[in-house]
Each structure stands twice: as C-alpha cells, then as structure tokens.
Protein chains: 2
Amino acid sequence: MKLLAIDPGIEKVGYSVFEKNFKKRPSYRYLTSGLIKTSRSNTLEIRLKKIYDDLKQLIDKHKPNLIVLEQLFYFKNAKTVISVAQAQGVIRLLAAQNNLSLKLLTPLAIKQIITGYGTADKKSVQKMLKLTLKEDIAIADDDQSDAIACGLAYCFLNESLVSG
Amino acid sequence: MKLLAIDPGIEKVGYSVFEKNFKKRPSYRYLTSGLIKTSRSNTLEIRLKKIYDDLKQLIDKHKPNLIVLEQLFYFKNAKTVISVAQAQGVIRLLAAQNNLSLKLLTPLAIKQIITGYGTADKKSVQKMLKLTLKEDIAIADDDQSDAIACGLAYCFLNESLVSG
C-alpha cells in the first residue's frame, strides 16, 4: 500500500510518499517528498492547473492507493482560507478521478502523533521526523516537512489501529 | 462571445449561458440555464467530480469564451465556505484547462446591476430577470436564478463599459 500525503496551499504544496507493509518492521518506508511551487504572477486558475498537473504526474509515477490530506480550519487563517480550500478542491477531484481513497488528518493530530504533543512547533516536528525516519532528507520548506509529518502520522495511526 | 455564468456550491451549482453580440440590440441573448445537483450520500470527492464532469459537458456543448463566477465571501457563510471554495477550485481548474478567461462578480454587484440596489431579495431579482429577459424560464431553484442574474449582470456591465 502506498500513500501520497499532501499539505495543501496555493503558493506551495508539500507532498510525501510512503509505502506501508504490515509484514515488515518498521511497517512503513519513506520514499520521497518535495514541494510544488506556483508563481504569484500567474492567475489563480493557472496556479491550480499547475498543482493539478504536478500532482497528477506524482500519482502516475508512484501509483498510490490513498491520499492523506492535512485538514483545513477556516479559523486558523481566515484570509487565505478560500484559496487553500480551492487547492483542496482540485486535490479531492484528483482523488476521485484516480479512484484513490482520501483521508484527512488535523494539524493537531499530526503533531500529537509525531511528537507526543499537539502544540509542538515546526522545529520539534522536523527534529522528530529526522530521528524517526533515520534518513538525511533535505527539507527545503516547512510545507514539505508538514507533508512528511502528515504521511508518517498516518502510517503510525494506521499501525496502532491495526495492532490495537 | 459566449459566457458561462456559475453560482458555485457543493450541493447545487447553478449555471446560465449567454451570448454577447455588440452589433445587435439587445447585445446579449439568453441561451440556457440549469442546476447541477450532487448527492449528500456521496463523498466530497465524488461530488466534486460530478460538478467537474457536468460543467465539462456544458463547456464542450456551448464552447464559451469566458466563465463568470459569483464571488465567495468567507464571512457570509463561514460554515460552508470551505466546501464551496473547493467547488470553486474545481471550476477555476476547468477554466485553465479549457483556456477560458474567468471573471468574478460579487453578489452585491450582481444585485446592484440587476435591480438597482445591492440588498435586493431573491424574489425581486427573479422578478427583474423575467421582466428583462422576456422569456418564460422555468426557475427550479434560487441557485439557478443566481446564475442567470450573474450572467446577465456581466452582460450589462460589459455593455456599459464598452459604451461608456
């Protein structure tokens, strides 16, 4: 089972890909991660198309079974909420068009699962990601590490649900 | 020039199609309107795909040059704003994929242009639409008349900009 985790946005979309195999320990494997960037000089339409096209390429390349999306709260950033939700709409469309399940994780749940406390800052999350994954991942951006945290949190969550 | 006006939503998407021809009086022609409905029993992903597929069919059939979208304000309906914005994202993606321009009109501007006052109620708008279009349009739903008002308002706006 493969999952594509996405931290949605209109300027930057972070993503990560994990493989899950319950017969192995650890039961997950980090495959890749990265960042899709769109240009402010383009219209919102063109930027959404760039996000759609780049994510479609990732889906075609990695063939995930599942998309895990960081959930959006309107009270968190009321100013940008509409454009981020528009990006989410495009991602959810991709899920339906490619017959992928879609799961949502709140930022609070992700931090709680990764670091043990829901109010952890970005630095603590990134430190824990490097310790856990034991890989030297070049993290270019907070949105990329958010997507790695989202994917890893889902792997842990799923594992505990299965074993528990 | 043809325009497809859309009142976005996740449960119901109203649409209307107008043709513009500056050489004729009136310079616009009402072509059609309708409503796309999605089922609450489906996932948001499937509902967004239904909206995408149905609008794509309309674009292929009517070949508009332009999409006019009713603009969303987050303070208007904070509860539903995220899902409506997700539908907007899918519509904007369609605009980019089909090389259509996209214009936004606020509900206030639409009411102002159609009835002369920005706080007009739905009934006043619908009455004015029937008087103006001189057509016996079966309006099934407020979201359909909102889309007709949006398209007609854009025709008027454009006309006044050109003549002025």
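Predicted model: local features only at pLDDT ≥ 70, side-chain atom pairs only at ≥ 80, totals over all residues.
Visitor: Where does Gln126(B) sit in chain B?

Guide: Gln126(B) belongs to helix α4 of chain B, which covers residues 122–133.

Visitor: Is Gln126(B) buried or exposed?

Guide: The test is a count of neighbours: a residue is buried if 20 or more other C-beta atoms lie within 10 Å of its own. Gln126(B) has 20 other C-beta atoms within 10 Å, so it is buried. As for Asp7(B), 119 residues away along the chain, its C-alpha atom is separated from that of Gln126(B) by 15 Å.

Visitor: Which residues of chain A carry the "binding site" feature?

Guide: An unreviewed UniProt entry places "binding site" at Asp7(A) and Asp143(A).

Visitor: Which elements of chain A hold Asp7(A) and Asp143(A)?

Guide: Asp7(A) lies in strand β1, residues 2–7, and Asp143(A) lies in helix α5, residues 142–163. With 27 C-beta neighbours inside 10 Å, Asp7(A) counts as buried. Asp143(A) also counts as buried, with 21 C-beta neighbours inside 10 Å.

Visitor: How is the packing of α1(B) and α2(B) described?

Guide: An angle and a distance between axes give the geometry. For α1(B) and α2(B) the angle is about 35 degrees, and the axes are 10 Å apart. The crossing of α1(B) past α2(B) is right-handed. On α1(B), the contact is made by Leu44(B), Leu48(B), Ile51(B), Tyr52(B), Leu55(B), Lys56(B) and Ile59(B). From α2(B) come Ser83(B), Gln86(B), Ala87(B), Val90(B), Ile91(B) and Leu94(B). By class, the residues of this contact are 10 nonpolar, two polar and one charged.

Visitor: How many residues does each chain bring to the contact between chain A and chain B?

Guide: Chain B and chain A bring 23 residues each. On the side of chain B, the elements that give two or more residues are α1 (44–62) and α2 (81–97). The most come from α2(B), with 13 residues. The side of chain B that touches chain A has 16 nonpolar, four polar and three charged residues.

Visitor: What rotation superposes chain B on chain A?

Guide: The rotation angle and the shift along the axis are read together. Here the rotation is 180 degrees with 0.0 Å of shift along its axis, and the RMSD is 0.0 Å. That is the relation of a two-fold axis. The same surface serves both copies, as 100% of the contact residues of chain B recur in chain A.

Visitor: Which residue of chain B comes closest to the rotation axis?

Guide: That residue is Gln86(B), with its C-alpha at 2.2 Å. Gln86(B) is also one of the α2(B) residues in the contact with α1(B).

How values were computed: Residues numbered from 1 in each chain as written. Chains lettered and ligands numbered in written order. Least-squares fit on C-alpha atoms with pLDDT ≥ 70 in both. Contact = placed C-beta atoms within 7 Å. UniProt positions renumbered as here; feature names shortened; annotations may be inferred. Helix = DSSP H or I, 4+ residues; strand = E, 2+ residues; numbered from the N terminus. Buried ≥ 20, exposed ≤ 12 C-beta atoms within 10 Å, placed from the backbone. Nonpolar A, V, L, I, M, F, W, Y, C, P; charged D, E, K, R; others polar. Axes fitted to C-alpha atoms, helices over the stretch in contact; angles between N-to-C directions. Left-handed = near helix turned anticlockwise from the far one by under 90°.
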